[in-house]
Amino acid sequence: MMVLMQPGAKPAQIQEVIDTISSHNMRPLKLPGDEQTAIGIASAIPPELRESLTAQLRSLPGVEHVVQISRPFKLASREFWKQDTVVSVKGVEIGGPKCVVMAGPCSVENREQIFMAAEAVKNCGAAVLRGGAYKPRTSPYSFQGLGLEGLRLMKEVGDNLQIATVSEVMAPEDVELVAEHVDILQIGARNMQNYALLIAVGKAGHPTLLKRGPGASIDEFLLAAEYLLHHGTKDVILCERGVYPLDKTYTRNTLDLNAVPVLKHLSHLPVLVDPSHGTGMARYVPAMSRAALAAGADGLILEVHPDPKHALSDGQQSLNPEQFQCLMDSLKGIAAASGRSL
Ligand code: PEP
Ligand code: MN
């Protein structure tokens, strides 16, 4: 059971809810948010008490609503919050009627590359520029990203071209620095269950794109989102990016498009899809991008590089600007057929 307090509820009103729960020998759990506080009950509720307790809590001053939540995730659950959450970043609304496309290179490589990529994706209609400065690479011998220099370039290009930016943070101690340079923090698939990182990012309260781990169940994914919400970030964007494939011969991962309607049903958070990592092959990215929007995704995150053949990471799955333009043109009809715009 969860009690959601009204925005601006007084500390005494919050305390009264806590005391009421404690008076029934149950453990209250306070979840303070930016605007509203939620109070959960972290104990089993005897069935005979359920109805009267709900009525009692509902009648207390400052209480907005009381809900029963059957899922393991609470704040991320649509049972708790019925409306779609819309994350607003630099005038871009993620989770609203317009599908949002985030695009850019896998890694920031140098000034010329990121400026060329940013101009290209912006001209084609992308609303957010992606670009990794800290790269989680399977091999320590692969390009590891430019680090702080990459973040500085993301900030410069974002300010110059007036485009929102997203970049990955890999370590709790870097959270503040990354948040100072980009508009959206990305938690990569490999770090979805890095709880120290989830807590640090949650506490920063910055909009966050959370990628699903390649072996994570839907419950594990939503519980990772729950960490972010529980620790104070209300602007969480979910991203399906492919799960371990049965057959790696032709694709790097298997894009789990089932996850889109499932996540939209279970959670109020916006859902993006990453067909670049989901397929690992530029050739298959357009088809899976269209499929993702048709399945109800709120948008896409795509790798686009001015010269994919010479990319320092993920070139084989990156579109060039012309391919990206063609894809954006073809997505308009799919968005419209799904009752959205692009
Ligand atoms: C990326 O976005 O470049 C990336 C590393 O993605 P993922 O965490 O999904 O593998
Ligand atoms: Mn990549």
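Visitor: How many cavities of 30 Å³ or more does the structure hold?
Guide: One. A cavity is a set of points on a 1 Å grid over the protein atoms alone where a 1.4 Å probe fits but cannot get out. Keep in mind that this is a predicted model, where local features need pLDDT of at least 70, side-chain atom pairs count only at pLDDT 80 or more, and totals for chains, interfaces and linings use all residues. Also, residues are numbered from 1 along each chain as its sequence is written, chains are lettered from A and ligands numbered from 1 in the order in which they are written, and side-chain values use heavy atoms, with hydrogens and water left out.

Visitor: How much space lies in the largest cavity, and what does that volume stand for?
Guide: About 30 Å³. Grid points are joined across faces, edges and corners, and the volume is the space filled by probe spheres set on the points.

Visitor: What makes a residue part of the lining of the largest cavity?
Guide: A lining residue has an atom within 4 Å of a point. Here those are Arg130, Gly131, Gly132, Lys135, Val166, Ser167, Glu168 and Gln186. Strand S9 (residues 164-168) gives the most, with three residues; strands (E, at least two residues) and helices (H or I, at least four) are DSSP runs, numbered from the N terminus.

Visitor: How is that lining split by class?
Guide: One nonpolar, four polar and three charged residues. Ala, Val, Leu, Ile, Met, Phe, Trp, Tyr, Cys and Pro count as nonpolar, Asp, Glu, Lys and Arg as charged, and the others, Gly among them, as polar.

Visitor: What makes something a pocket instead?
Guide: A pocket is an open set of points with protein on both sides within 12 Å along at least five of seven lines. The largest pocket holds about 490 Å³ of space and is lined by 19 residues, with Gln36, Phe80, Trp81, Lys234 and His268 nearest its centre.

Visitor: Which domains does the lining of the largest pocket draw on?
Guide: At least three residues come from each of domain 1 (2-67) and domain 2 (87-337). Those bounds come from an automatic or database domain assignment. The C-alpha centres of the two domains lie 36 Å apart.

Visitor: What about the second largest pocket?
Guide: Its volume is about 400 Å³. Of its 24 lining residues, Pro136, Arg190, Arg241, Arg252 and His277 are closest to its centre. By class, the lining has six nonpolar, eight polar and ten charged residues.

Visitor: Why is Glu48 called exposed?
Guide: Its relative accessibility is 67%, which is over 50%, so Glu48 counts as exposed. Glu48 lies in helix H2 (residues 47-58).

Visitor: Why is the pair of Tyr195 and Tyr227 called tilted?
Guide: Rings of Phe, Tyr and Trp (its six-membered ring) pair if their centres lie within 6.5 Å; planes under 30 degrees apart count as stacked, over 60 as edge-to-face and the rest as tilted. These centres are 4.7 Å apart and the planes are at 35°, so the pair is tilted. Tyr195 is in helix H6 (residues 195-204) and Tyr227 in helix H7 (residues 218-230).

Visitor: What stands out about the phi of Gln162?
Guide: It is positive, about 50°, although Gln162 is not a glycine. Gln162 is in the loop between helix H4 (148-161) and S9.

How values were computed: Buried means under 20% relative accessible area, exposed over 50%, partly exposed in between (1.4 Å probe, protein chains only).
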